[in-house]
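Subject: Handover of a structure and its findings

Dear colleague,

Please find below the structure that I am handing over to you.

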Amino acid sequence: MHVQEWLETVPPLAIYLLVGLVIGLESLGIPLPGEIILVSSALLASQHGEIDPVVLGACATAGAIIGDSIGYAIGRKGGRPLLAWLGGKFPRHFSEGHIATAERSFQKWGMWAVFFGRFVALLRIFAGPLAGVLRMPYWKFLTANVLGGILWAGGTTAVIYYVGIVAEEWLKRFSWLGLVAAVLVGLTSMLVLKRRAGNAAGEKTVAEPEPVAATD
């Protein structure tokens, strides 16, 4: 079953909690489809009035900020042995190559890696724990975490919500335009065929020889 189809069977309150929880766990360092859940929920909100996009965006933002903060605390306490443990549990996401790439990004960009990492799936999982392991000053991490969480979670919710509304309105208009276009095409085709049939009949009449009178 598709994610959005499944979400349609879930009460609005449960959707708010689910979005916040999944995004929070993903930000904490557990590889989960947080972005897919958020996009599907925002699209569902544009189609059903029971889901408030403002509440949805707030829950997503809270999950992102809180999850990243917990991940930072765990990374700061666990250090590099934590990354090695995660590599054993989730080799696809926490391989040595991925960790090295994320670490280079943090060393080069600092707190901006936390901010922009919110928009990149791989860095979104690493941002909190790795910032803690590298002992980034917490005030820098918190600033980037809050700003990135608000912009990513709130921005994604707003964009998908309004795109969904515009798409739905466009499809409604398109259904009427499609009906009118179909009628016009049908009438035009009928007139063209009728005209061609008339021309063909006229050409046939001209082509037929006149009867020759019998001679005595």
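Predicted model: local features only at pLDDT ≥ 70, side-chain atom pairs only at ≥ 80, totals over all residues.

Residues are numbered from 1 along each chain as its sequence is written, and side-chain values use heavy atoms, leaving out hydrogens and water.

Two packed helices are described by the angle between their axes and the distance between the axes. Helix H2 (residues 12-28) and helix H7 (residues 121-133) have axes that come within 6 Å and cross at roughly 60°. Helices here are DSSP runs (H or I, at least four residues), numbered from the N terminus; axes are lines fitted to C-alpha atoms over the stretch in contact, with angles running from 0 to 180 degrees between N-to-C directions. On the H2 side, Glu26, Ser27 and Leu28 meet Arg124, Ile125, Gly128 and Pro129 of H7, where contact means heavy atoms within 4.5 Å.

The largest nonpolar core has 19 residues, and those with the most contacts inside it include Ile15, Val19 and Ile23. Such a core is a set of buried Ala, Val, Leu, Ile, Met, Phe, Trp, Tyr and Cys residues joined through side-chain atoms within 4.5 Å; buried means under 20% relative accessible area, exposed over 50%, and partly exposed in between, with a 1.4 Å probe and protein chains only. H2, helix H3 (34-47), helix H4 (53-89) and helix H8 (138-207) are the elements that give two or more residues to this core. Not counting residues up to four places away in sequence, Ile15 touches Leu7, Val10, Ser41, Leu44, Ile51 and Leu56. A second, separate core of 17 residues includes Ile99, Phe115, Met136 and Phe141.

Next come the aromatic rings. Rings of Phe, Tyr and Trp (its six-membered ring) pair if their centres lie within 6.5 Å; planes under 30 degrees apart count as stacked, over 60 as edge-to-face and the rest as tilted. By this rule there are 8 aromatic pairs. Tyr72 and Phe141 are stacked, because their ring centres are 4.6 Å apart and their planes lie at 20°. Tyr72 is in helix H4 and Phe141 in helix H8, so this pair ties together parts that are 69 residues apart in sequence. Both residues are buried: Tyr72 has 4% relative accessibility, and Phe141 has 0%. Tyr161 and Tyr162 form an edge-to-face pair, with 5.2 Å centre to centre and 80° between the planes. Tyr161 is buried at 18%, whereas Tyr162 is exposed at 54%.

Where is arginine 118 found? Arg118 is in the loop between helix H6 (111-117) and H7, and it is buried, with a relative accessible area of 2%. The side chains of Arg118 and Ser27 are joined by a polar contact of 2.9 Å. That term denotes a pair of N or O atoms within 3.5 Å; within protein, one must be able to donate a hydrogen and the other to accept it, and residues adjacent in sequence count only if both atoms are side-chain atoms. The Arg118 side chain also reaches the backbone oxygen of Ala64 at 3.3 Å.

Yours sincerely,
A colleague
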